[in-house]
Amino acid sequence: MRLSPLYDIIVGSRDKEKAETVCKCTLDVCEKRGENPCTLVGASNQDAVSCADIVILAIPFKHLVSTLETLDCFENKIVISPVNPMEKRDFFLCVPPPEGSAALLIKRLLPPTAKICTAFNTIAANRWKLLDEELNYSVPVCGDDAPAKRQVMEIVNRISKLQAFDAGPLAASYQVECLTPLLLNIARYNKMKDVGIQFH
Ligand SMILES: NC(=O)c1ccc[n+]([C@@H]2O[C@H](COP(=O)([O-])OP(=O)(O)OC[C@H]3O[C@@H](n4cnc5c(N)ncnc54)[C@H](OP(=O)(O)O)[C@@H]3O)[C@@H](O)[C@H]2O)c1
């Protein structure tokens with residue numbers, strides 16, 4: 001909903017009909033809000049990846065490998081990872097894979113020409129949904145391909161009041177992925193909701 005007024009969007013799903021329903025609901029919301037979305041279509045995950053220039057992998061960490069193993073056509077695409085490898089024990093904990101981070105695992109699984117960047121790791125889903133509220137947060141972006149990282153930062157900066165910050169190469173992505181368990185622990189132990197971050 002936040003992206004569709006700005007970019008042509010393909011929603012991917014394991015179930016194309018589910019993606020189409022999501023798009024229809026989004027179009028209804030946009031219409032009620034008097035917004036003009038760009039193209040918004042539902043597709044299978046594979047068709048979404050094949051047709052897109054930029055792919056946002058909004059899937060849980062535990063399903064990353066099984067999902068990526070079934071998909072191809074990532075060559076030369078920008079791939080944005082908001083994925084946090086996280087577990088809930090007595091408290092929330094970042095539990096990265098042997099590669100060092102979810103983003104580095106994605107890099108290992110995808111073709112070498114795919115340009116992986118992290119973004120949106122720390123923006124709570126509940127905040128995305130409150131369309132009348134500004135998203136006034138900082139977004140650290142990691143990546144190894146400078147033009148791809150610039151493009152991802154431009155996308156971030158076009159959404160509400162989000163502000164992108166270069167957080168270094170993909171090797172530093174573990175630090176970004178650790179922020180969300182930190183924010184969740186702060187929320188829990190301080191009786192707060194949907195805690196975010198701002199860099200000044
Ligand atoms: N939720 C947040 O507040 C938040 C904030 C920052 C970052 N993130 C990160 O963003 C990613 C997505 O989070 P989310 O909360 O949106 O997750 P989610 O709602 O649990 O799942 C997102 C989508 O993943 C697909 N999926 C679920 N089970 C799957 C499976 N077994 N195999 C393949 N695909 C499956 C589903 O799509 P289909 O059923 O349509 O295939 C589902 O709609 C995560 O990696 C999370 O760490 C989340």
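In which loop is Phe120 found? Phe120 belongs to the loop between strand 7 and helix 5 (125-129), where helices (H or I, at least four residues) and strands (E, at least two) are DSSP runs numbered from the N terminus. Phe120 has a positive phi of about 70° although it is not a glycine. With a relative accessible area of 8%, Phe120 is buried; here buried means under 20% relative accessible area, exposed means over 50%, and partly exposed lies in between, with a 1.4 Å probe and protein chains only. Lys191 is placed in the segment after helix 8, and at 79% relative accessibility Lys191 counts as exposed.

The structure is a predicted model, in which local features need pLDDT of at least 70 and side-chain atom pairs count only at pLDDT 80 or more, while totals for chains, interfaces and linings use all residues. Residues are numbered from 1 along each chain as its sequence is written, and side-chain values use heavy atoms, with hydrogens and water left out.

Strand 4 pairs with strand 3 (residues 54-56) in the parallel sense over three bridges; two strands pair if DSSP finds at least two bridges between them. Strand 4 also runs parallel to strand 7 (residues 115-118), to which four bridges join it. Val79 takes part in both pairings: Val79 is the bridge partner of Val55, and Ile116 in strand 7 is the bridge partner of Val79.

Helix 4 (residues 102-109) comes next. Its buried residues are Ala102, Ala103, Leu105 and Ile106. Seen down the axis of helix 4, these residues fall within an arc of 160°, so they line one face of the helix; the arc is that of the directions from the helix axis to the C-beta atoms. The cover over the buried residues of helix 4 includes helix 3 (64-68), strand 4, strand 7 and helix 7 (173-177). Contact, in this account, means heavy atoms within 4.5 Å.

The model also holds a ligand, which 17 residues surround; a residue is near a molecule if one of its heavy atoms lies within 4 Å of it. The closest are Ser13, Arg14, Lys18, Ile59 and Ala125. A backbone N or O atom of Ala125 lies 2.7 Å from an oxygen atom of the ligand. A polar side-chain atom of His63 lies 3.1 Å from a nitrogen atom of the ligand, and a backbone N or O atom of Asn84 lies 3.1 Å from an oxygen atom of the ligand. The protein covers 65% of the 880 Å² of accessible area that the ligand has on its own, with areas computed by the Shrake-Rupley method with a 1.4 Å probe; for residues, only the protein chains shown count as cover.

The side chain of Asn84 reaches the backbone oxygen of Asn121 at 3.0 Å. Such a polar contact is a pair of N or O atoms within 3.5 Å; within protein, one must be able to donate a hydrogen and the other to accept it, and residues adjacent in sequence count only if both atoms are side-chain atoms. Not counting residues up to four places away in sequence, Asn84 touches Phe61, Asn121, Glu177 and Thr180.

Strand 5 contains Glu87, which is partly exposed at a relative accessible area of 35%. The side chain of Glu87 makes a polar contact of 2.9 Å with the side chain of Arg89.

Ser138 lies in strand 8 (residues 138-141) and counts as buried at 2% relative accessibility. Its side chain reaches the backbone nitrogen of Phe199 at 2.6 Å. Beyond residues up to four places away in sequence, Ser138 touches several residues, including Thr122, Gln163 and Ile197.

Finally, Gly196 is found in the segment after helix 8 (179-189) and is partly exposed, with a relative accessible area of 29%. The C-alpha atoms of Gly196 and Ile123 are separated by 6.5 Å, although these residues are 73 residues apart along the chain.
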